[in-house]
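Hello,

Below is the structure I said I would pass on. My notes follow it.

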Amino acid sequence: SNAFVAIVGRPNVGKSTLFNKLAGRKIAIVEDSPGVTRDRNYTRAEWLNKHFTLIDTGGIEVGSEELIPSLIKKQAQMAIETAHVIMFVVDGKEGVTLGDREIAQILRKSSKPVVLVVNKVDNSKMSENFYDFYELGFGDPIEISASVGLGIGDLLDKVVENF
Ligand code: GDP
Ligand code: MG
(Lines give C-alpha, C1' and ligand atoms only; values in the text may rest on other atoms or scores of the structure.)
(Ligands and ions follow the chains in the order given, each with its own letter.)
Protein backbone atom coordinates (compact mmCIF):
# COMPACT_ATOMS: atom_id res chain seq x y z
CA SER A 1 0.00 0.00 0.00
CA ASN A 2 0.95 3.64 -0.03
CA ALA A 3 0.61 3.95 3.72
CA PHE A 4 3.03 6.20 5.56
CA VAL A 5 3.94 5.42 9.16
CA ALA A 6 5.79 8.13 11.11
CA ILE A 7 7.87 7.62 14.23
CA VAL A 8 7.45 10.69 16.46
CA GLY A 9 8.84 11.50 19.90
CA ARG A 10 11.23 13.74 21.75
CA PRO A 11 14.99 13.24 21.30
CA ASN A 12 16.68 10.19 22.83
CA VAL A 13 13.60 8.01 23.34
CA GLY A 14 14.86 5.50 20.76
CA LYS A 15 13.12 6.51 17.52
CA SER A 16 16.14 5.77 15.33
CA THR A 17 16.82 2.48 17.12
CA LEU A 18 13.23 1.43 16.43
CA PHE A 19 13.46 2.64 12.83
CA ASN A 20 16.59 0.53 12.27
CA LYS A 21 14.99 -2.50 13.91
CA LEU A 22 11.94 -2.22 11.65
CA ALA A 23 14.10 -1.59 8.59
CA GLY A 24 16.06 -4.72 9.42
CA ARG A 25 19.33 -2.87 9.05
CA LYS A 26 21.16 0.14 10.31
CA ILE A 27 20.10 3.17 8.30
CA ALA A 28 19.55 5.93 10.84
CA ILE A 29 22.27 7.03 13.24
CA VAL A 30 21.60 6.17 16.87
CA GLU A 31 22.90 8.83 19.20
CA ASP A 32 23.61 8.77 22.90
CA SER A 33 22.60 12.39 23.24
CA PRO A 34 20.11 14.50 21.29
CA GLY A 35 21.64 16.19 18.28
CA VAL A 36 22.05 16.17 14.56
CA THR A 37 21.04 13.17 12.50
CA ARG A 38 21.85 13.51 8.82
CA ASP A 39 21.19 10.01 7.62
CA ARG A 40 18.30 8.85 5.53
CA ASN A 41 15.08 8.90 7.45
CA TYR A 42 12.69 6.75 5.42
CA THR A 43 12.57 3.12 4.39
CA ARG A 44 10.10 0.58 3.05
CA ALA A 45 8.88 -1.95 5.58
CA GLU A 46 6.46 -4.89 5.62
CA TRP A 47 4.39 -6.79 8.17
CA LEU A 48 1.87 -9.59 7.50
CA ASN A 49 2.14 -8.82 3.80
CA LYS A 50 1.21 -5.19 4.36
CA HIS A 51 3.78 -2.80 2.93
CA PHE A 52 4.34 0.73 4.13
CA THR A 53 6.84 3.57 4.16
CA LEU A 54 8.38 4.24 7.53
CA ILE A 55 9.61 7.74 8.45
CA ASP A 56 11.96 8.53 11.34
CA THR A 57 11.00 12.13 12.05
CA GLY A 58 14.05 12.48 14.31
CA GLY A 59 16.10 12.12 11.16
CA ILE A 60 15.54 15.79 10.50
CA GLU A 61 16.70 16.97 13.91
CA VAL A 62 19.11 19.88 13.65
CA GLY A 63 20.50 22.43 16.01
CA SER A 64 20.87 23.08 19.68
CA GLU A 65 18.94 21.90 22.72
CA GLU A 66 17.03 25.20 22.82
CA LEU A 67 15.68 24.58 19.35
CA ILE A 68 14.40 21.15 20.22
CA PRO A 69 11.02 22.08 21.73
CA SER A 70 9.91 23.99 18.63
CA LEU A 71 11.47 21.38 16.38
CA ILE A 72 9.68 18.44 17.91
CA LYS A 73 6.44 20.34 17.56
CA LYS A 74 7.19 20.92 13.87
CA GLN A 75 8.01 17.25 13.45
CA ALA A 76 4.78 16.22 15.12
CA GLN A 77 2.86 18.58 12.86
CA MET A 78 4.59 17.24 9.76
CA ALA A 79 3.80 13.70 10.85
CA ILE A 80 0.14 14.57 11.29
CA GLU A 81 -0.01 15.93 7.78
CA THR A 82 1.80 13.13 5.94
CA ALA A 83 1.36 9.95 7.97
CA HIS A 84 -1.55 7.52 7.98
CA VAL A 85 -0.49 6.09 11.32
CA ILE A 86 1.75 7.68 13.95
CA MET A 87 3.98 5.75 16.33
CA PHE A 88 4.44 8.04 19.32
CA VAL A 89 7.54 6.83 21.19
CA VAL A 90 8.15 7.57 24.88
CA ASP A 91 10.82 6.37 27.32
CA GLY A 92 9.70 3.73 29.84
CA LYS A 93 12.73 4.35 31.99
CA GLU A 94 12.22 8.11 32.27
CA GLY A 95 8.44 8.20 32.45
CA VAL A 96 6.20 11.01 31.15
CA THR A 97 8.01 14.32 30.53
CA LEU A 98 6.92 17.82 29.57
CA GLY A 99 8.13 17.18 26.03
CA ASP A 100 5.92 14.08 25.83
CA ARG A 101 2.92 16.10 26.97
CA GLU A 102 3.57 18.81 24.37
CA ILE A 103 3.79 16.30 21.55
CA ALA A 104 0.71 14.47 22.84
CA GLN A 105 -1.27 17.71 22.77
CA ILE A 106 -0.47 18.20 19.08
CA LEU A 107 -1.17 14.59 18.16
CA ARG A 108 -4.50 14.53 20.00
CA LYS A 109 -5.76 17.35 17.78
CA SER A 110 -5.31 15.23 14.67
CA SER A 111 -7.70 12.58 13.47
CA LYS A 112 -4.81 10.25 12.64
CA PRO A 113 -4.46 6.99 14.56
CA VAL A 114 -1.70 7.16 17.16
CA VAL A 115 -0.01 4.08 18.63
CA LEU A 116 1.68 4.91 21.93
CA VAL A 117 4.99 3.05 22.21
CA VAL A 118 6.76 2.75 25.57
CA ASN A 119 10.37 1.94 24.66
CA LYS A 120 13.34 0.75 26.75
CA VAL A 121 11.37 -2.00 28.49
CA ASP A 122 14.30 -4.38 28.10
CA ASN A 123 12.89 -7.35 29.98
CA SER A 124 9.50 -8.94 30.58
CA LYS A 125 8.94 -6.78 33.67
CA MET A 126 6.45 -3.96 33.10
CA SER A 127 7.80 -0.41 33.09
CA GLU A 128 7.31 1.04 36.58
CA ASN A 129 5.86 4.14 34.90
CA PHE A 130 3.44 2.14 32.75
CA TYR A 131 0.16 3.53 34.12
CA ASP A 132 1.39 7.14 33.97
CA PHE A 133 1.44 6.93 30.17
CA TYR A 134 -2.37 6.67 30.04
CA GLU A 135 -2.51 10.40 30.87
CA LEU A 136 -1.23 11.11 27.34
CA GLY A 137 -4.64 10.05 26.06
CA PHE A 138 -3.89 7.34 23.53
CA GLY A 139 -5.24 4.32 25.36
CA ASP A 140 -3.23 1.18 25.99
CA PRO A 141 0.49 1.70 25.44
CA ILE A 142 2.54 -1.00 23.72
CA GLU A 143 5.73 -1.83 25.60
CA ILE A 144 8.79 -2.58 23.53
CA SER A 145 12.55 -2.71 23.63
CA ALA A 146 13.84 -1.41 20.32
CA SER A 147 17.41 -2.37 21.14
CA VAL A 148 16.71 -5.87 22.48
CA GLY A 149 13.83 -6.47 20.05
CA LEU A 150 10.94 -7.15 22.44
CA GLY A 151 7.30 -6.39 21.66
CA ILE A 152 7.96 -5.49 18.02
CA GLY A 153 5.39 -7.98 16.65
CA ASP A 154 2.63 -6.66 18.92
CA LEU A 155 3.50 -3.13 17.88
CA LEU A 156 3.35 -3.90 14.16
CA ASP A 157 0.06 -5.79 14.59
CA LYS A 158 -1.46 -2.65 16.08
CA VAL A 159 0.04 -0.39 13.40
CA VAL A 160 -1.14 -2.36 10.35
CA GLU A 161 -4.66 -2.71 11.83
CA ASN A 162 -5.05 0.88 10.69
CA PHE A 163 -4.60 0.34 6.95
P1 GDP B 1 16.22 9.07 19.09
O2 GDP B 1 16.91 10.36 19.43
O3 GDP B 1 14.81 9.09 19.58
O4 GDP B 1 16.35 8.70 17.66
O5 GDP B 1 16.94 7.93 19.96
P6 GDP B 1 18.11 6.90 19.52
O7 GDP B 1 17.55 5.77 18.73
O8 GDP B 1 19.24 7.67 18.92
O9 GDP B 1 18.51 6.29 20.95
C10 GDP B 1 18.88 7.13 22.03
C11 GDP B 1 19.58 6.29 23.08
O12 GDP B 1 18.67 5.35 23.66
C13 GDP B 1 20.75 5.47 22.54
O14 GDP B 1 21.77 5.45 23.52
C15 GDP B 1 20.14 4.09 22.35
O16 GDP B 1 21.09 3.06 22.41
C17 GDP B 1 19.18 4.02 23.54
N18 GDP B 1 18.05 3.09 23.30
C19 GDP B 1 17.24 3.02 22.23
N20 GDP B 1 16.37 2.02 22.35
C21 GDP B 1 16.60 1.43 23.55
C22 GDP B 1 16.02 0.33 24.26
O23 GDP B 1 15.09 -0.34 23.82
N24 GDP B 1 16.54 0.06 25.49
C25 GDP B 1 17.57 0.77 26.04
N26 GDP B 1 18.01 0.41 27.24
N27 GDP B 1 18.16 1.79 25.39
C28 GDP B 1 17.68 2.12 24.16
MG1 MG C 1 17.23 9.74 16.06
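**Strand β5 and its surroundings**

Valine 89 has valine 117 of β5 as its bridge partner. The chain passes from β4 to β5 by way of helix α3 (residues 98–109), a right-handed β-α-β crossover (right-handed: with the strands pointing away from the viewer, the path from the first strand over the helix to the second runs clockwise). Helices (H or I, at least four residues) and strands (E, at least two) are DSSP runs, numbered from the N terminus.

This is a predicted model, in which local features need pLDDT of at least 70 and side-chain atom pairs count only at pLDDT 80 or more, while totals for chains, interfaces and linings use all residues. Residues are numbered from 1 along each chain as its sequence is written, chains are lettered from A and ligands numbered from 1 in the order in which they are written, and side-chain values use heavy atoms, with hydrogens and water left out.

β4 (residues 85–91) and β5 are parallel and pair over six bridges (pairing requires at least two DSSP bridges between two strands). β5 also runs parallel to β6, joined by two bridges; there, valine 117 has isoleucine 142 as its bridge partner.

Six of the six residues of β5 are buried (under 20% relative accessible area, 1.4 Å probe, protein chains only; exposed is over 50%, partly exposed in between). Val114, Leu116 and Val118 lie on one side, and Val115, Val117 and Asn119 on the other.

Tyrosine 134 sits in the loop between β5 (114–119) and β6 (142–143). Tyrosine 134 is partly exposed because its relative accessible area is 32%.

Regards
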